[in-house]
Structure formats: structure tokens, C-alpha cells
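Please open the model in your viewer and keep a selection tool at hand. The stops below each begin with something to select.

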Amino acid sequence: MPDVQPLVSEFVLKLKRRKVEGSHAVARQTAELLRSVVSQHRMGSTNQAAALADAIRSVGEQLISANPIELAVGNIVRRVLHIIKEEDISSTAVGIEGLSVTVDSDDEYDSGNDDHPTLSAAVLASHARNALRAPSLQTLLDDIPVSTALSRSASSTGDSDGKTGDKSLKTRKLKHDVIAAIGDLIEEIDTCYDQISEQAVELIHQNEVILTLGRSRTVKEFLYAAKEKKRSFRVFVAEGSPRYQGHVLAKELVEKGVQTTVITDSAIFAMISRVNMVIVGAHAIMANGGVIAPVGMNMVALAAQKHAVPFVVVAGSHKLCPLYPHNPEVLLNELKSPSDLLDFGEFSNCMNFSTQDGTPLLNVVNPTFDYVPPKLVSLFVTDTGGHSPSYMYRLISEYYSADDLVVQRKSTS
């Protein structure tokens with residue numbers, strides 16, 4: 001893929017240098033890049049789906065290793081792999097539907113005037129069973145695409161049309177369908193805010209007090225939608241130290257006419273008893289219903305549980321991660337620069353120059369994320385509706401399949 005590799009290298013560099021941050025931007029740009037990879041990929045005459053999946057998997061490994069903390073990259077790579085498999089299964093099923101069935105008959109007229117390629121009923125039934133049957137455990141372990149498994153089954157029966165034109169047509173159709181499906185995925189990412197915001201009026205009622213932490217665009221659009229529906233409510237915004245993104249959100253809410261109060265992070269426990277609902281965003285939602293969110297979020301969830309306040313997480317489906325927090329390839333956190341807490345002038349005064357290596361007497365730890373266990377979450381609101389934490393695994397399974405998880409395992413092996 002000589003035409004695409006510069007684009008891949010450029011995006012890898014952006015991820016490494018943190019030039020692209022935020023799950024929405026990362027997910028969208030990843031999907032656009034993978035669509036370009038599919039578009040420029042040269043399809044072979046055999047095992048088209050396998051070759052295409054290998055190309056996506058190779059690019060995905062580079063992207064995931066560039067910035068493992070951005071879980072949205074791996075999510076989109078797996079979604080595209082799932083799309084390829086689904087489109088391959090669909091094209092195979094369509095091909096089977098177009099085949100004719102030949103049953104033993106003594107009628108010479110029927111046998112002499114059939115211009116269409118035929119298969120015996122037994123062979124057709126075998127094809128149908130393989131097309132509709134879930135991939136076998138051996139297929140998943142060996143990472144064998146469904147099209148390959150089906151072609152092996154077909155060759156064992158000795159029935160094959162052998163027409164190059166049909167194969168070429170199927171190849172072009174597979175590529176076209178995958179590109180169209182990735183386009184739908186990009187549209188889904190773009191419209192996730194609108195889909196989530198439509199549910200705001202069902203959750204936010206008149207004269208409620210809502211608490212949030214930091215700045216989440218999903219939360220902002222959610223609150224905007226409730227305000228546009230003439231809901232009257234008040235928002236407590238915890239400032240979100242050390243980046244203080246809550247200050248930005250507070251200004252944006254005030255511009256929309258929302259009554260807003262800024263509080264310090266340390267005041268959350270003191271103010272939570274006045275709150276009717278906590279609404280927050282997320283960096284990623286894990287397969288067990290746990291949430292990776294900005295630092296300080298676990299403290300908010302614990303305060304909400306202590307005072308029986310609903311803790312609601314709003315997030316797009318591109319943030320749904322099929323991995324568990326205990327998986328070794330999952331990077332739950334990263335440390336930001338100490339300068340966010342102390343400037344370098346203050347920090348240099350804390351150096352102990354009596355020792356040869358200048359070991360500091362003061363260490364600064366600045367984590368980026370918190371992990372909120374599923375037991376602290378009351379409700380997830382996604383672009384597909386509201387769901388309980390126990391339902392998230394089932395929802396995630398609709399977007400991914402078991403053999404798609406090999407992407408991140410390979411990148412960390």
C-alpha cells in the first residue's frame with residue numbers, strides 16, 4: 001500500500017505526539033484512515049476478505065501501539081474488522097441464494113433445458129449450513145476468515161463455478177460494501193451527540209440540580225438539548241483540577257442561559273446532598289460496564305452512591321471497548337506533565353543538590369484517568385438508548401466478535 005503508508009505514518013506520529021486527543025476526534029480520524037486503506041488496497045483473486053482483514057490488522061497494530069491509552073483507536077479497528085467479516089458472510093449468503101438445486105429426476109426435458117449452474121441439494125445444504133453457522137472454535141483460534149472456511153468446505157464437495165468474472169465481481173462488491181459500511185460508521189460517530197441529546201428531555205426534569213465534573217462535549221450537548229426543550233434546571237460544575245476544564249464548561253453553559261455554579265473538586269462531597277443527578281462523560285466503557293473517565297470521577301461516583309444520587313454516564317458507541325480492565329493490554333492510565341501542578345521554577349527549588357544525582361525531595365504525580373467500577377454506575381446513555389451496566393457486554397458483542405480481539409494482543413506480544 002505505497003499510497004496509504006504516508007497517511008498511516010502521519011497519523012501514527014500525531015498519536016505519539018498527542019496532536020489528536022479525545023475519543024471522538026481519534027475515532028473519526030481512525031475510521032477515515034481505514035477507509036482510505038480499504039480503498040487503496042489491491043484485492044487478490046482468492047481470499048479477498050482475509051487479505052483485506054490482514055491489511056487492516058497490520059495498520060491497526062501500528063495505530064494502537066502509537067498511543068495505547070486512546071482505546072477508541074482499537075475500537076474502530078475492531079469495528080472495521082467486524083464489518084469485513086459481516087460483509088464477507090453476506091456476500092457468501094447472497095451467492096448461495098443464487099444457486100439452483102438439482103434433484104434426481106427422470107424428466108429429460110428438465111435436464112436438457114437448464115442453462116444455469118446447478119448444485120446438488122446435499123451440497124447446497126452444506127453451503128447453507130456453513131454460511132449460517134457461527135465460526136468454529138478452531139477457526140477463531142487459527143484466525144481463519146469465514147470466506148476461507150467456506151471455500152474449503154466447498155472444495156471438499158467438488159462443486160465450484162470456477163468463473164473468473166464472478167470472482168472479480170464479488171471482489172469489487174466486497175470492497176465497495178466495506179467502504180460504504182465504514183462510511184456509515186463515520187456518520188454514526190458524527191451524529192452520536194444528536195442521538196444522545198434526544199434522550200435528555202426524558203432524564204432531566206423541571207427544577208432539577210445536576211452535577212458534572214470537568215468538560216465533556218457529550219455532557220454539554222446533552223444539557224443544551226434539555227435547555228432547548230424549556231427545561232429549567234441548575235448545574236454544579238466541579239472544576240476538574242489540574243486542567244480546570246470545568247471553568248470552560250461553566251462559561252459555555254452560562255452563554256446558553258443555564259444557571260451554573262462552579263465548585264472545587266474537594267467540595268463534591270459537601271454539595272452532593274443537594275444534587276438530584278450526576279451526569280458525566282467517559283473516555284472509554286469497558287466490557288464489564290466499568291468506566292475509564294477523567295481523574296476525580298471515582299470520587300464523584302462514590303459520593304453519589306453514598307447519598308443515593310443516580311450516576312449517569314453519557315457516551316457514544318465508539319467508546320465501547322470489548323476488553324476488560326484487567327486485560328494486560330489495557331493501559332488504564334498515563335501520567336501528565338508535573339508542570340500542570342507546579343511550574344518548573346517551583347519544582348527546581350525542591351531539588352536536593354547535596355547528593356550527586358540531585359534526587360528530588362518532592363515528587364509530583366499527575367494521573368489522567370480514574371476507573372469507575374460498574375457497581376457505581378446507575379445508567380449508560382448511548383446513541384442506541386439507555387442501558388444498565390449489566391447490559392453493556394451484550395451491547396458490545398453486537399459490534400465486535402471474538403476473533404477481532406487479536407489486534408491488540410498481537411500489538412503487545
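Select helix α3 (residues 48-66), where aspartate 54 and arginine 57 are three residues apart and therefore separated by about one helical turn; helices here are DSSP runs of H or I with at least four residues, strands are runs of E with at least two, and both are numbered from the N terminus. Aspartate 54 and arginine 57 form a salt bridge whose closest N and O atoms are 3.2 Å apart, the term meaning a side-chain nitrogen of Lys or Arg within 4 Å of a carboxyl oxygen of Asp or Glu. Arginine 57 is buried at a relative accessible area of 6%, whereas aspartate 54 is partly exposed at 46% (buried is under 20% relative accessible area, exposed over 50%, partly exposed in between, with a 1.4 Å probe and protein chains only).

Before going further, note that this is a predicted model, in which local features need pLDDT of at least 70 and side-chain atom pairs count only at pLDDT 80 or more, while totals for chains, interfaces and linings use all residues. Residues are numbered from 1 along each chain as its sequence is written, and side-chain values use heavy atoms, with hydrogens and water left out.

Next, select glutamate 32 and arginine 28, which are four residues apart in helix α2 and thus separated by about one helical turn. Their side chains meet in a salt bridge at 1.8 Å, N to O; glutamate 32 is partly exposed, with a relative accessible area of 27%, and arginine 28 is partly exposed at 26%.

Which parts of the chain does the pair of glutamate 21 and lysine 336 tie together? The closest N and O atoms of this salt bridge are 3.3 Å apart. Glutamate 21 lies in the loop between α1 (5-16) and α2 (23-40) and lysine 336 in the loop between β9 (311-314) and α16 (344-348), so the pair ties together parts that are 315 residues apart in sequence. The whole structure holds 11 salt bridges.

Now turn to the open sheet, in which seven strands follow the order β5-β4-β3-β6-β9-β11-β12 with mixed pairing (two strands pair if DSSP finds at least two bridges between them). Its edge strands are β5 and β12 (385-387), each of which pairs on one side only.

Select strand β4 (residues 233-238) and strand β5 (residues 259-263), which pair in the parallel sense over five bridges, with valine 235 standing opposite threonine 260 in β5. From β4 the chain crosses through helix α13 (residues 245-255) to β5 in a right-handed β-α-β crossover, meaning that, with the strands pointing away from the viewer, the path from the first strand over the helix to the second runs clockwise.

Move along the sheet to β9 and strand β11 (residues 379-382), which run parallel and are joined by three bridges; valine 313 stands opposite phenylalanine 380 in β11.

Finally, colour the model by pLDDT, the predictor's confidence in each residue, from 0 to 100. The mean for the protein is 82, and 74% of its residues reach 70 or more. Over residues 100-114 the pLDDT is below 50, and this stretch has 12 contacts beyond near neighbours in sequence, a contact meaning heavy atoms within 4.5 Å.
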